[in-house]
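Reader: I'd like to go through the aromatic rings in this one. Can you take me through them step by step?

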Amino acid sequence: MSIGKIQEKCAICASYLFEDDDVVYCPECGAPHHRDCYNSVGHCGFEKLHGTELQYKKPESSKETDEAPPVIENEPKADSFEKPFQQFSPFGFAAPVDADFELDKDITAGEAQEFVLQNTHRYIPKFINFKFGRKASWNWLAFLTPCGWLLSRKMYLWGTIIGALQVAFSMLLLPFNKAISFVDLSSATNYVEQSNLIMENIDKIGIIVVLVALMGTMLDLTLRVLIGVFGDLIYKNHAFSTIRSIKEDKDCDKKITTLKKGGVNIYLGLLGHLVVNNLPTIIATLTGML
């Protein structure tokens with residue numbers, strides 16, 4: 001069985017399906033698949049969405065000719081600023097999501113898209129997952145630079161608190177860094193040999209200094225993991241609460257205020273990252289700790 005170019009995509013690989021493709025359909029929702037794709041996973045690509053608002057719905061028949069190119073979803077419209085999209089297919093969801101789809105009470109996907117602005121293809125699917133009960137995800141940027149990511153997303157209070165904690169944890173490593181500066185590590189060619197040399201000179205360095213440094217390292221890693229896991233949820237809560245406050249403010253220009261409070265501030269994020277990574281050394285130098 002085969003289908004033409006009528007905006008149909010494989011529910012597994014999301015590629016357009018053509019007349020020559022070997023196509024099979026889900027017996028429950030009717031979603032089309034390449035036979036090989038279906039066999040590779042053993043079930044419908046929309047299995048997790050069966051019975052929900054996002055369950056696959058067959059698109060209306062198209063009268064396009066074979067020469068007509070596939071319709072491009074989310075093609076920009078002249079009035080896209082007024083209504084950013086009617087529907088979009090965010091990464092991780094092959095089914096289109098309407099702009100008026102409710103992500104939370106009185107918060108629609110369209111409003112969230114206007115606020116997030118950059119990387120909506122990543123964040124909107126996360127918000128949908130949270131709607132259906134998920135509480136955690138993973139954000140590599142939030143893990144690698146927690147303060148920088150939070151500030152870039154204009155979560156100023158969170159960014160300041162997390163940045164201060166990162167600086168404090170880094171300060172715990174300074175006595176250790178000063179102590180090992182008196183140990184000759186030039187002969188070590190890898191981290192294992194460096195660790196062995198440090199253990200051999202533990203009396204000179206001081207066991208307390210080593211334990212404090214380990215504590216600082218573990219605290220910093222724990223903080224990074226927590227922000228990496230729960231950062232998207234924190235951002236969702238921030239976005240939704242800000243959107244609500246904008247909607248409740250009768251005096252503000254909602255479009256301009258959304259642009260000011262939403263989107264990203266790359267420069268502030270970069271500044272936060274630089275401060276967190278360099279402030280401990282500056283403080284140590286000024287106080288004579290190094």
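This is a predicted model: local features need pLDDT of at least 70, side-chain atom pairs count only at pLDDT 80 or more; totals for chains, interfaces and linings use all residues.

Reader: Is Trp 149 buried or exposed?

Author: The cut-off for buried is under 20% relative accessible area. Trp 149 has a relative accessible area of 1%, so this residue counts as buried.

Reader: And how many aromatic pairs does the structure hold?

Author: Rings of Phe, Tyr and Trp count as a pair if their centres lie within 6.5 Å. By that rule, the number of aromatic pairs in the structure is eight.

Reader: What is the angle between the planes of Trp 138 and Trp 140?

Author: These two rings lie 5.4 Å apart, centre to centre, and they make an edge-to-face pair. Edge-to-face needs planes over 60 degrees apart. For Trp 138 and Trp 140 the angle is 90°.

Reader: How are the rings of Trp 149 and Tyr 235 arranged: stacked or edge-to-face?

Author: Their centres are 6.3 Å apart. The planes meet at 70°, so the arrangement is edge-to-face.

Reader: How many residues apart in sequence are the parts that this pair of Trp 149 and Tyr 235 ties together?

Author: Trp 149 sits in helix H5 (residues 146–152), while Tyr 235 belongs to helix H10 (residues 207–248). So the pair ties together parts whose separation in sequence, in residues, is 86.

Reader: Which residue has its charged end over the ring of Tyr 123?

Author: Tyr 123 is in a cluster linked by ring pairs, along with Phe 127, Trp 149, Tyr 235 and Phe 240. The charged end over its ring, 4.9 Å from the centre, belongs to Arg 122.

Methods. Residues are numbered from 1 along each chain as its sequence is written. Side-chain values use heavy atoms; hydrogens and water are left out. Rings of Phe, Tyr and Trp (its six-membered ring) pair if their centres lie within 6.5 Å; planes under 30 degrees apart count as stacked, over 60 as edge-to-face and the rest as tilted. Helices (H or I, at least four residues) and strands (E, at least two) are DSSP runs, numbered from the N terminus. Buried means under 20% relative accessible area, exposed over 50%, partly exposed in between (1.4 Å probe, protein chains only). A charge sits over a ring if NZ of Lys or CZ of Arg is within 6 Å of the ring centre and within 35 degrees of the ring normal.
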